[in-house]
Amino acid sequence: NWFKMKKLLLFITVLFFGISTINAQDDASYGFAKGDWVMGGSVTFGSADTDGVESSDSTIAPGAHYFMNDNWALGVSIGLMSSDDGTSEMSDTNVSFSARNYFMDLNERNKIYFSLGLGIDSGDSYSDSATSFGAGFGINYFMTENIIIDFNLANILSYNKQGDNSSMNIGWEGTMNNRWASPTLGIIFKL
């Protein structure tokens, strides 16, 4: 009898937590609202040894967006980059401002956005500071209410200026030579 009682108690416990989990999932709210903050960023480290020459590079680029209403967010990020090729050390800084408009819900967990960005780069790699403007699309997938996978197809339209040189591109050419103009995949957190 004790064994049957333990089985019954286990069954009731599993049933209770199962129903609680289902109800909690039904009450989940995916999306954004006025006043929400979204935080993210990137950290990268790399090293290479080519023909006996060691080189390394690293980047840290935290960023945040604030929702002005349910569809529009304004953001800022600061990127700090450093590299060492064995003969010289360089460091650069990128400051970016952006705006996102979430204009379409594919379903409850997928939101498509249009983004505009302005970036300013300076540092050892630049003889003159560089300014860039870009526009692109992206999609967010809500893993939970607060953890979001962000895919950004950056710079469908881009303009870059450094000193007397400038360039403008329309459309994605399928190349990823510019780390700031490449498609990105990341995780962001809604606070």
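1. Burial and surface. Of the 191 residues in this protein, 26% are buried, where buried denotes a relative accessible area under 20%, exposed over 50% and partly exposed in between (1.4 Å probe, protein chains only). The accessible surface amounts to about 12,600 Å², and carbon and sulfur atoms hold 61% of that area; areas come from the Shrake-Rupley method with a 1.4 Å probe, and for residues only the protein chains shown count as cover.

2. Basis of the values. The model is predicted, so that local features need pLDDT of at least 70 and side-chain atom pairs count only at pLDDT 80 or more, while totals for chains, interfaces and linings use all residues. Residues are numbered from 1 along each chain as its sequence is written, and side-chain values use heavy atoms, with hydrogens and water left out.

3. Secondary structure. The protein contains one helix and nine strands, arranged along the sequence as α-β-β-β-β-β-β-β-β-β. These elements are DSSP runs numbered from the N terminus, with helices (H or I) of at least four residues and strands (E) of at least two. Among contacts with a separation of 6 or more, 51% join residues 24 or more positions apart; a contact requires heavy atoms within 4.5 Å.

4. Nonpolar core. The largest nonpolar core has 11 residues in all, namely Ala 28, Tyr 30, Phe 32, Val 38, Phe 67, Ala 73, Tyr 102, Tyr 113, Phe 142, Ile 148 and Ile 188. Such a core is a set of buried Ala, Val, Leu, Ile, Met, Phe, Trp, Tyr and Cys residues joined through side-chain atoms within 4.5 Å. In soluble globular proteins, nonpolar side chains tend to be buried together.

5. Cavity. There is one cavity of 30 Å³ or more, and the largest cavity holds about 30 Å³ of space. Strand S2 (53–67) and strand S4 (89–105) are the elements that each give two or more residues to its lining. The search used a 1 Å grid over the protein atoms alone: a cavity is a set of points where a 1.4 Å probe fits but cannot get out, and lining residues have an atom within 4 Å of a point. Grid points are joined across faces, edges and corners, and the volume is the space filled by probe spheres set on the points.

6. Cavity lining. The residues lining the largest cavity are Phe 32, Val 38, His 65, Phe 67, Ala 73, Arg 100, Tyr 102 and Ile 188. They divide into six nonpolar, one polar and one charged, with Ala, Val, Leu, Ile, Met, Phe, Trp, Tyr, Cys and Pro counted as nonpolar, Asp, Glu, Lys and Arg as charged, and the others, Gly among them, as polar.

7. Ile 188 and Asn 146. Ile 188 belongs to the largest nonpolar core and also lines the largest cavity. Beyond residues up to four places away in sequence, Ile 188 touches Val 38, Met 39, Gly 40, Arg 100, Asn 140, Asn 146, Ile 147, Ile 148 and Asp 150. Of these, Asn 146 sits in the loop between strand S6 (130–142) and strand S7 (147–162) and is partly exposed, at 39% relative accessible area. With the same exclusion, Asn 146 touches Ile 188, Phe 189 and Lys 190. The C-alpha atoms of Asn 146 and Leu 191 are 6.8 Å apart, across 45 residues of sequence.

8. Strands S1 and S2. Ser 42, in strand S1 (residues 37–50), is partly exposed at 35% relative accessible area. Thr 59, in strand S2, counts as buried at 13% relative accessibility. Leaving aside neighbours within four places in sequence, Ser 42 is in contact with Thr 59, Ile 60 and Ala 61, whereas Thr 59 is in contact with Ser 42, Val 43, Thr 44, Leu 80 and Met 81. In the loop between S1 and S2, Asp 51 is exposed at 79% relative accessibility; its phi is positive, about 55°, although the residue is not a glycine.

9. Gly 31. This residue lies in the loop between helix H1 (2–26) and S1 and is buried, at 12% relative accessibility. Apart from residues up to four places away in sequence, Gly 31 touches Asp 36, Lys 111, Phe 142 and Lys 190. Gly 31 and Tyr 141 are 110 residues apart in sequence, with 9.6 Å between their C-alpha atoms.

Notes
On a 1 Å grid over the protein atoms alone, a cavity is a set of points where a 1.4 Å probe fits but cannot get out, and a pocket is an open set with protein on both sides within 12 Å along at least five of seven lines; lining residues have an atom within 4 Å of a point.
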